[in-house]
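My entries follow the display.

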Amino acid sequence: MSRTPDARVRDSQTKHIQENITHVEKHFGELCQLFAGYLRKTARLRDKADLLVKEVNLYADTETPNLKSGLKNFAEQLAKVQDYRQAQVERLEAKVIEPLKAYGSVVKMKRADLKLTQIARNRESKQMQQLEKMRQRNPSDRQIISQAESELQRATMDATRTTRQLEETIDVFEKKKIQDIKSIFGDFVTIEMMFHAKALEIYTTAYQHIQNVDEEGDLEVFRSTLHPPDYQSRLDIVRANSKTSLNRTGTSLSKSGTLQSRTPETQGKRYEEEDDEEEDDEDEDDDLEDVTDEDN
């Protein structure tokens, strides 16, 4: 059975509204899941960066003073970035995720409005079918036909009213959807720009801290750990003590006659002494011979 032109127009409008609601439900749901995944990745990045800050601080405690100070300052700046990243996560949750999630209930309400309109349309279609049947069965029964026509008129008025209400509520829905899209994506970009602008500022400071580390100063400190300040003085003391001990040993040996230094002069003197001793021995022998002869 053919519908009236008004009914066909209303059917077309309802179909278009239903498709629009379906698209919003599908794509807003996908956007919400993807933004939520983006948020989880950002939160995990924040957690990894916190571990990195902790490790840099632990490593800094083992280093030379200038490098330690540079690493500590670097870790402090990196920790600040994570504070802003935490704020980024919280803002994205409030400004992006929650509004998208809210469209779940909004779509349900629109589907409920659409269902009421569909019920009114079905009632109108049913009354139209009944009227046609009565006209075919009892074409002469004006009372029954008139009653059926009145029922159809009421059903048509109800369908028209609900369709108009649906159009009004869908118009509000469409307007708010566009405003929300602008607000959600605008807030997303604003939050991202705020974070990255602040992060760039902090990372610049972190870069300066690490580049300002005094390399030569730390090298001197490192070298001094290999050769402490008192190392040379201790070495000098050991050398001095060794020389003193050797001198004492040489002196003791000279006095005991065990070790004497020899020179040509001393050797000559010793030879002269030996010759004198031999001459004395010869004189004594001559004296002994003279005494012997006299006795004889």
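I searched the whole structure for aromatic pairs and found five; rings of Phe, Tyr and Trp (its six-membered ring) pair if their centres lie within 6.5 Å, with planes under 30 degrees apart counted as stacked, over 60 as edge-to-face and the rest as tilted. The model is predicted, so I note that local features need pLDDT of at least 70, side-chain atom pairs count only at pLDDT 80 or more, and totals for chains, interfaces and linings use all residues. Residues are numbered from 1 along each chain as its sequence is written, and side-chain values use heavy atoms, without hydrogens or water.

I looked up F28 and Y103: the pair is tilted, at 4.6 Å centre to centre and 45° between the planes. F28 lies in helix α1 and Y103 in helix α2, so the pair ties together parts 75 residues apart in sequence. Helices are DSSP runs (H or I, at least four residues), numbered from the N terminus.

I then took Y38 and F188, whose ring centres are 5.6 Å apart with planes at 70°, so the pair is edge-to-face. Y38 is partly exposed at 32% relative accessibility, whereas F188 is buried at 18%. Ring pairs join F35, Y38, F185 and F188 into a cluster.

Of its 22 residues, V96 and L100 touch the most other members.

Terms used:
Core = buried A, V, L, I, M, F, W, Y, C linked by side-chain atoms within 4.5 Å. Buried < 20%, exposed > 50% of the residue type's maximum accessible area, 1.4 Å probe, protein only. Helix = DSSP H or I, 4+ residues; strand = E, 2+ residues; numbered from the N terminus.
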